[in-house]
Amino acid sequence: MLKKHLIMCSAILVISLTAKMFIYSAPASITSLINISSESQKAEKPVDSYFNSLSFADEFLPLGDSRIVTKMNRTLHAHSRAKLQTSRLHNQASKWFPIIEPILAEYGIPEDFKYMPLVESGLKAGVSPKGAAGFWQFMPQTARGFGLKVNSSVDERKNIHKSTIAAAKYIKSLYREFNSWTLAAAAYNIGEGRLKRHINHQNQDNYFKMKLNRETASYVYKLISMKEIIENPTRYGYTSKVSKLLAKNNATTHNTFPYGAPVNSEIGNKGVLIN
């Protein structure tokens, strides 16, 4: 009887010790699990491969930066059909791109720069409050520096062909200076002198990582957004008709004018060539 009692007491003691060991070890296990969870949260979340494919003039968005992805996504949304409620930009692109594209190509400028006048002026030959004018929004002094006549009787900034040639020359000079197409675009917006000072002060020459004023900091993002809504309209809520319109007008204009509009031609408000 005594033997059975001792065996029972031993069994209870073993069970009790095992339970205590489990209780004492449990917090460590839980802590370990919490640490693993925290580390996984700290690990960088994979970025949508779509954003990794976005580029301007073959200069891609830096990989794995959620801040840049958020900014890019916000800018894309701002140019979506749901936000703009119009296809005017696509119509303007279909009218003027066939003239702009071959000129840029002739001067060795990446085709993505054709989106610049869409961002600058909406491809309208208007005048800004600061005095910039035309499709490429040239200031008078800069326009004259690249061969355009700007005086009381004539303003060649409003000539799509001549102003595009001037823009191509200007962009090429900016690229030679900064050796980067994104920085060339930024300099077009902010001015080469100010951009140089930012680069020297920040010791940084990657546009996407620089701290710039709001307009210039969003400028290349706007160019990429414009490129995306024109090239992938249905992704952003536009109808497939705008793509067909652009393709049709490109084919027609390229066949008619291999180098765009004749050099000495003006183009009226309705897209009619006036010699």
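Predicted model: local features only at pLDDT ≥ 70, side-chain atom pairs only at ≥ 80, totals over all residues.
I started at Gln137, which counts as buried because its relative accessibility is 16% (buried means under 20% relative accessible area, exposed over 50%, partly exposed in between, with a 1.4 Å probe and protein chains only). Residues are numbered from 1 along each chain as its sequence is written, and side-chain values use heavy atoms, with hydrogens and water left out.

I placed Gln137 in the loop between H6 and helix H7 (140-145); helices are DSSP runs of H or I, at least four residues, numbered from the N terminus. Its phi is near 50 degrees, a positive value in a residue other than glycine.

Next I looked at Asn179, in the loop between H8 and H9. Asn179 also isn't a glycine, and has a positive phi of about 55 degrees. Is Asn179 buried or exposed? It is exposed, at a relative accessible area of 59%.

Then I turned to H9. The axes of H9 (residues 181-190) and H11 (residues 214-231) come within 9 Å and cross at roughly 130 degrees. That makes H9 oblique to H11. For the terms, axes are lines fitted to C-alpha atoms, for helices over the stretch in contact, and angles run from 0 to 180 degrees between N-to-C directions; under 35 counts as roughly parallel, over 145 as roughly antiparallel, 65 to 115 as roughly perpendicular and the rest as oblique.

Which residues make this contact? I found Thr182, Ala185, Ala186, Tyr188, Asn189 and Ile190 on H9, with Glu215, Thr216, Tyr219, Val220 and Leu223 on H11 (contact means heavy atoms within 4.5 Å).

I checked H10 (residues 192-202) as well: its axis and that of H9 come within 7 Å and cross at roughly 120 degrees. H9 is oblique to H10 too. Here Leu183, Ala186, Ala187 and Ile190 of H9 meet Glu192, Arg194, Leu195, His198 and Ile199 of H10.

Of its 63 residues, Phe113, Trp136, Tyr188 and Leu195 touch the most other members. H11 gives the largest share, nine residues. Leaving out residues up to four places away in sequence, Phe113 touches Phe56, Ala57, Leu104, Trp136, Ile171, Trp181 and Ala185.

Notes: Helix = DSSP H or I, 4+ residues; strand = E, 2+ residues; numbered from the N terminus. Core = buried A, V, L, I, M, F, W, Y, C linked by side-chain atoms within 4.5 Å.
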